[in-house]
Amino acid sequence: MFKGRWRTTGGALLRVIIVWAVSTLTMLALAGILPDFQLQSDNQDSITRIALTAAWGAGAFGLLSALVWPLLVRALLLVPALVLGLLVFFLNGSLLLIALRLIPDGRGAVNPETAVVVAAVMSAVASATSTALAVGDDDAYRRRLSRLADRRRRRSGEDGGRGGPPGTVFLQLDGVGHQVLLDAVAAGVMPRVADWLGVPPPDPDAARGAPDDPAGALAMSPDGLAADRPDSPRPTHRLTPWHTDWSSQTGASQLGILHGSNHDVPAFRWYEKDTGRIMVSNRPASAAELQRRAIGRTNDGGLLTLDGASRGNLFSGGADQLALVLSMAARRGRANRSRAGYFAYFSDPANAVRTAVSFVADVGREIGESTRARLRGDRPRVGRGGLYPFIRAFATVVERDVVVAAVIGDMLAGRTAVYADLVAYDEVAHHSGPHSRDAERVLARLDRSVGLIARAAEHAPRTYRIVLLSDHGQSPGETFEGAYGLTLKDLVRAGCGLPVSRRAERTKSGAEAREAARHAVRGALHRPDPEGAGEEPAHGSDPVVLASGNLGLISFPDVPERMSREQIDRRHPALLRTLASHPGIGFLLVRSEEHGSVVLGPGGAEVPLDALTDSGPLAGMGPGAADAVRRTDSFPHVADIMVNSMYDPATGRVHAFEEQIGSHGGLGGEQSRPFLLSPLVLSAPVPDNGELVGAERVHRVLRRWLREGSGPQVPVGTVSLSVAKARSDEARTADEERDSA
């Protein structure tokens, strides 16, 4: 305890000294620039004497500002705001004149008009320096928030007590898989989460990877608690893994979690034949449409309809309080409150300086990390130049700071339910890898943000239960193009007999794929291939090939319905064979006129969907993979051909069809296994030894937890209280039946 106090005191003293030094340099610079401001006598003092004079003057001005200024502001509270704004400059200048008079031998001199300018510049520089030094000081930030909370309570006439039902904060750590969280906790990267799980700090003297625990893994009991150890603190939370749908990405998972339905979301991006448009989950218009469909299907506004707040999410969840919510960003005018989160945050100069300094630092950090990775020759590796350092810094700094501040504001306002998404790890892991040191450092900063929110909850007018969860994980691996020299689109076009890019033609993999397609065409048409003859020209429009991590979607837009295997074979006899036999592809899903939908795999494997199990072409893809594929097959907008990349269970690697060395979107590995970290005061997510499968079931768990503390959610629309109560009772009964099943 005393060590911590000494560290805090020493840090505060160091900041005072640095601010004093910067103020001294500022005063020296202004004395050299402004003709009516001097810090030396007529006898031309030495540089050392001038510097001491500046230090004396800067110290006196800072001391007067700290001691006298609060008293002046309190005395002038009754002065009109406009008049007070003008008085600030004159009073600040007066304090500078007094400070200069306190300099020994009267060496400081300035005209009153110039004093106003000098005082304003010095105050601004001192404030910016002090704020910049506090960028990494979460305790200072927390103390500031505590003061704001106290002022809020005094204005509202509250007594400062904590009463009423507890609130709930759901913090989504985007892309953090269950195993990644365990590894980070075991390595001491996330001490706040480790404390919640009852895991002691790692022993720095102990060797990592003992013979009986070669991976250094964290031992967990079946109920999601840390295994008992003599030095283990008492856990307050339980850790539960859950399984995503086939589409393991934020659009599908968060829509299911917040709105209770992710029906007909086959991927992150997909082509809809009936409208002729490409849906992309992180586009405002698409997000708004997906939210509208989910509300129409469930007849419920979402998880947050009762005094809720949605922060940094793709969807609103029915919340009234919004900040950085994509589905609302397409709205124009006053109806769009989502962008207000930026203005509310950056209207505070301290916030602006804190975030700006961190932003610049993270841009530099990314440039340095990518340069070192290139010099080391790290593999796999993707391009990280251009605008990416700024995109990354926006996700890891700006979005994080704005969302965390908004969540803290929600707690200080006493809101019932808050759901926020922190996307920093997901963005970095895509380009640096999910197990990289770079991603590990982001996890450490996220843990600090979680700790800041937890400490701020102590000052809220009600108690809060903080739930951490993720929407998916990430699976590592070389990109499909990096491994084989051509993209999925190139491979599809080759299988269709269409021209491919010259770059793809020149690669070994491209040439092999082209030759394989040519042989498949000859075999399908039962005709010889004379020397110099080419393939039969393909009919119809070019296929639309879209990628969502290691999940690919192929659609033929000129055919209004979902094409069958037989139709595809008649039009492009080499395509399905080319795809299914490629070593970078795990399996295909396509509709068959004869057998219904079928899954095609390597070596000519063909399994009707009714007979599909988690073995065969889906071997190693994880439990529930067959059910996930069957569910996706029932979607109205499933693609003509669904393509899942290969997965190596020994290494956990997949091949993304995008430029990502950490990917998610399909089946295979850690991407399909996110986590749910909940306080022990809440009921267990699933019964003992139960499996939590699908985002829609996670929604039901979160709804149950809200009911345990705050009562049922209110359905959307104008309904009578009796109807609302009946629906709530029905929902509760249905949830209990599903959870016990």
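Trainee: Hi! Are α14 and α15 roughly parallel or roughly antiparallel to each other?

Mentor: Good place to begin, and keep in mind that this is a predicted model. Helix α14 covers residues 388-412 and helix α15 covers residues 424-432, and the two pack at an angle of about 150 degrees. Angles over 145 degrees count as roughly antiparallel, so that is what α14 and α15 are to each other.

Trainee: How far apart are the axes of α14 and α15? And is their crossing left-handed or right-handed?

Mentor: Their axes are 8 Å apart, and the crossing of α14 and α15 is left-handed.

Trainee: Which residues in α14 and α15 meet?

Mentor: From α14 you have Tyr 388, Ile 391, Arg 392, Ala 395 and Thr 396. Facing them in α15 are Ala 424, Glu 427, Val 428 and His 431. By class, that contact has 5 nonpolar, 2 polar and 2 charged residues.

Trainee: OK, what about α14 and α16, how do they cross?

Mentor: Helix α16 spans residues 437-456, and its axis comes within 9 Å of the α14 axis, crossing at roughly 15 degrees. Angles under 35 degrees count as roughly parallel, and therefore α14 and α16 are roughly parallel to each other. The crossing of this pair is right-handed.

Trainee: And which residues of α14 meet α16?

Mentor: On the α14 side they are Arg 392, Arg 400, Val 404, Val 407, Ile 408, Met 411 and Leu 412. Their partners in α16 are Asp 438, Arg 445, Ser 449, Leu 452, Ile 453 and Ala 456. Here the classes come out as 8 nonpolar, 1 polar and 4 charged residues. Look at Arg 392 while you are there: it meets α15, and Arg 392 also meets α16.

Trainee: Switching to pockets: how much space lies in the second largest pocket?

Mentor: About 850 Å³. Its lining has 31 residues, with Phe 268, Asn 282, Leu 314, Val 423 and Glu 427 nearest the centre.

Trainee: Last topic, backbone. Which peptide bond is cis?

Mentor: Check the one from Arg 379 to Pro 380, which is cis with omega near -5 degrees. Pro 380 sits in the loop between α13 (349-376) and α14. Then go to Asp 264, which is not a glycine but has a positive phi of about 65 degrees. Asp 264 is in the loop between α9 (250-259) and β5 (269-272).

Trainee: Why point those out?

Mentor: Because most residues other than glycine have a negative phi, and most peptide bonds are trans.

Notes
Residues are numbered from 1 along each chain as its sequence is written. This is a predicted model: local features need pLDDT of at least 70, side-chain atom pairs count only at pLDDT 80 or more; totals for chains, interfaces and linings use all residues. Side-chain values use heavy atoms; hydrogens and water are left out. Axes are lines fitted to C-alpha atoms, for helices over the stretch in contact, and angles run from 0 to 180 degrees between N-to-C directions. Helices (H or I, at least four residues) and strands (E, at least two) are DSSP runs, numbered from the N terminus. Angles under 35 degrees count as roughly parallel, over 145 as roughly antiparallel, 65 to 115 as roughly perpendicular and the rest as oblique. A crossing is left-handed if the near helix is turned anticlockwise from the far one by less than a right angle, and right-handed if clockwise. Contact means heavy atoms within 4.5 Å. Ala, Val, Leu, Ile, Met, Phe, Trp, Tyr, Cys and Pro count as nonpolar, Asp, Glu, Lys and Arg as charged, and the others, Gly among them, as polar. On a 1 Å grid over the protein atoms alone, a cavity is a set of points where a 1.4 Å probe fits but cannot get out, and a pocket is an open set with protein on both sides within 12 Å along at least five of seven lines; lining residues have an atom within 4 Å of a point. Grid points are joined across faces, edges and corners, and a volume is the space filled by probe spheres set on the points.
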